[in-house]
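These are my notebook entries on one protein structure. I looked up its pocket, one of its helices and its salt bridges.

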Amino acid sequence: MRILIDGRSLLDKNGGGVFEYSRRLIDALKVRGRIDPETWANAAFTNRIRSTVSVPGIDTLTRYPNKLLNATMRLCGSPHIETFAASAPDACWMPNPHFIALSPATPLALTIHDLTFETYPDFFSLKQRLWHKAIAPKRLASRARVLLAVSETTKRDIVERWK
């Protein structure tokens, strides 16, 4: 099975939880052998990202201005990220909610780490709250064929809040 992975979290120069989660799960998928992962990411400026040597697993790196790419994905529903893949994927996995455009025929798996942006919005800056509103995680989750929750608490929150 060929899976296209949204690898934008791997470009985080500070690392962090989603970076580690993504990197380790991608490595585990490669070891299993039954899945052929291809990781896509976008970064317009090379000085903002780690070298490809220190970001294992980025197979396709597009160089569109992020704000332009995000806006066209959100407002126009394109470009579909499958068009960036070396060959057509059977599915797409997003390690965290982000702007994305996919063909309706492409199954989506989405990881939700928590719903603190909903349960404790006061902990987030205005910019962070606007970001979460723009990426619309609940809408994205309703589009996903598979939702992965990183804890039982997150699973419970998803079921209770998003049904």
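**Entry 1: The largest pocket**

I looked up which element gives most to the lining of the largest pocket, and I found that α4 supplies the largest share, seven residues. I note that the model is predicted. The largest pocket holds about 1500 Å³ of space. I found 39 residues in its lining, and the closest to its centre are Asn 66, Asn 70, Asn 96, His 98 and Trp 131. The elements that contribute two or more residues to this lining are α1 (17-32), α2 (66-76), α3 (116-119) and α4 (126-135). By residue class, I recorded 18 nonpolar, 14 polar and seven charged residues in the lining.

**Entry 2: Helix α2**

I next asked which residues of α2 are buried. They are Leu 69, Asn 70 and Met 73. These residues lie on the same side of α2, because they cover an arc of only 95° around the axis. I recalled a general rule here: an α-helix has 3.6 residues a turn, so residues three or four places apart point the same way. On the other side of α2, I found Lys 67, Leu 68, Leu 75 and Cys 76 exposed. The buried residues of α2 pack against β2 (36-42) and α4. Just after α2, I noted that Gly 77 has a positive phi of about 70°.

**Entry 3: Salt bridges**

How many salt bridges does the structure hold? I recorded eight.

I looked up the pair Glu 38 and Arg 2, whose side chains form a salt bridge at 2.4 Å, N to O. Glu 38 is in strand β2 and Arg 2 in strand β1 (residues 2-6), so this pair links distant parts of the chain, 36 residues apart. Both Glu 38 and Arg 2 are buried.

I then turned to Arg 24 and Glu 20, whose side chains meet in a salt bridge at 3.1 Å, N to O. About one helical turn separates Arg 24 and Glu 20, because they are four residues apart in helix α1. Arg 24 counts as exposed, at 54% relative accessibility, while Glu 20 is partly exposed, with a relative accessible area of 28%.

The side chains of Arg 161 and Glu 118 form a salt bridge at 3.3 Å, N to O. Arg 161 lies in helix α6 (residues 152-162) and Glu 118 in helix α3, so this pair ties together parts that are 43 residues apart in sequence. I noted that Arg 161 is partly exposed, at 40% relative accessible area, and that Glu 118 is partly exposed, at 28%.

Methods. Residues numbered from 1 in each chain as written. Predicted model: local features only at pLDDT ≥ 70, side-chain atom pairs only at ≥ 80, totals over all residues. Heavy atoms only, no water. 1 Å grid on protein atoms, 1.4 Å probe; cavity = no way out; pocket = protein on both sides within 12 Å on 5 of 7 lines; lining within 4 Å. Points joined across faces, edges and corners; volume = space filled by probe spheres on them. Nonpolar A, V, L, I, M, F, W, Y, C, P; charged D, E, K, R; others polar. Buried < 20%, exposed > 50% of the residue type's maximum accessible area, 1.4 Å probe, protein only. Arc of directions from axis to C-beta. Contact = heavy atoms within 4.5 Å. Salt bridge = Lys/Arg side-chain N within 4 Å of Asp/Glu carboxyl O.
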